Amino acid sequence: MNSPASKGLRVVVTGASGNVGTSTVQALSRDPAVASILGVVRREPEWRVPKLEWRTADLAEDQIAHLVRGADVVIHLAWLFQPTHDPALTWRSNVLGAIRVFEAVARENVPAVVYSSSVGAYSPGPKDSPVTESWPTHGWPAAAYPREKAYLERYLDGFEKANPEVRVVRLRPAFVFKWEAASAQRRLFAGPFLPGSLARPSLIPVIPDVPGLRVHAVHSADIGEAFRLAALNDVRGAFNIAADPVVDAKALARLLGARTVPVPTWAIRGAVAAGWYAHLLPASPGLLDTVLRLPIMDTTRARDELGWTPRHDGLEAIGEFLAGLRAGAGMATPPLTPDNAPTRIQEVGTGIGNRP
């Protein structure tokens, strides 16, 4: 890498305009060791921060070698969650696009690449004892998201062996929330028919207690800091990134002043499946199956070797998301556009769960 004392580091961030991307760019922008940031996106945002320059590209189609040329680190975050009814399209963008980025990194002799994997890459695991980074990463085969994340884990296994000179870091975040991403996440997972005003404690008297609904959450700003640390420090390998406490129905009920009601998995899955097949809900039943099987993560390595400690706990992150949902919160980037009536109408008009 270039020495910070000489000219500073040049960092390329793909997917820089999304939930994790904006937080990562903000963390990098504040670091005096970083001289410049190139944000690679599909649609150029109005949002600006110091040191940041935008470039538009389709990672699966366009020439991208020039985008990573001369970089000290490439942080690959770009990901399409939709269209959920067209897994071939998301595979092209997410898997083939990522492979093209990694190949460009090797060809252009970029010293390091930091990739955003996910807790979703993990094989089904325990809900009562945290797993380390050695837990198998074969995903859950019935949903596109974990299949794609798991495939890229296998690809990077081979990439590391073929390119030992490239420092490869894989961060595996839990569910990521912040106020500004609330509207985007509502569009991605709940669709246009969920009123943001419903995300109010007084209007949520009960929380369904579904077997297996026990997950980690983390604030987007803390994830951004984890990517900054991974990019600038001489670390390699995988790191679990999550904040305590583990979030389950009882924790959500305490947050919202509600009570829990046991609900069988088949009832929740049936409702999600009906909404998805009717194109009324963007989240697929396979994604629900994934969530109910995800293991709880041990974050010891991130704290000890990466030097990462979250500033927010998981319930704080969820509480901020709910407040953002009520406010229709967003940012001046295409993925994080604030919620309003025209955007909801557009969701319906372009096909729920169908828009890239």
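User: What should I know about the model before reading the values?

Analyst: This is a predicted model, in which local features need pLDDT of at least 70 and side-chain atom pairs count only at pLDDT 80 or more, while totals for chains, interfaces and linings use all residues. Residues are numbered from 1 along each chain as its sequence is written, and side-chain values use heavy atoms, with hydrogens and water left out.

User: How many helices and strands does the chain have, and what makes a run count as one?

Analyst: The chain has twelve helices and twelve strands. Both are DSSP runs numbered from the N terminus: a helix is H or I over at least four residues, a strand is E over at least two.

User: How do you know whether the radius of gyration agrees with a compact globule?

Analyst: The radius is taken over C-alpha atoms, and the globule rule is 2.2 Å times the number of residues to the power 0.38. For 356 residues a compact globule would be near 21 Å; the chain has 20 Å, so the two agree. Along the principal axes, the C-alpha atoms fill a box of roughly 60 × 45 × 35 Å.

User: Why is Thr14 called buried?

Analyst: Buried means under 20% relative accessible area, exposed means over 50%, and partly exposed lies in between, using a 1.4 Å probe and protein chains only. Thr14 has 3% relative accessibility, and therefore counts as buried. Thr14 belongs to strand β1 (residues 9–14). Beyond its neighbours within four places in sequence, Thr14 is in contact (heavy atoms within 4.5 Å) with residues including Val40, Ile75 and His76.

User: Is Leu80 buried or exposed?

Analyst: Leu80 has a relative accessible area of 10%, so Leu80 is buried. Leu80 sits in the loop between β4 (73–76) and α3 (87–107). Its C-alpha atom is 9.5 Å from that of Gly15, 65 residues apart along the chain. Over the chain, buried residues make up 55% of the 356.

User: What makes a group of residues a nonpolar core, and which residues have the most contacts inside the largest one?

Analyst: A nonpolar core is a set of buried Ala, Val, Leu, Ile, Met, Phe, Trp, Tyr and Cys residues joined through side-chain atoms within 4.5 Å. The largest has 45 residues, and Ile75, Val114, Leu171, Ile241 and Leu306 have the most contacts inside it. Helix α6 (residues 220–232) gives the largest share of this core, six residues. A second, separate core of 29 residues includes Val40 and Trp79.
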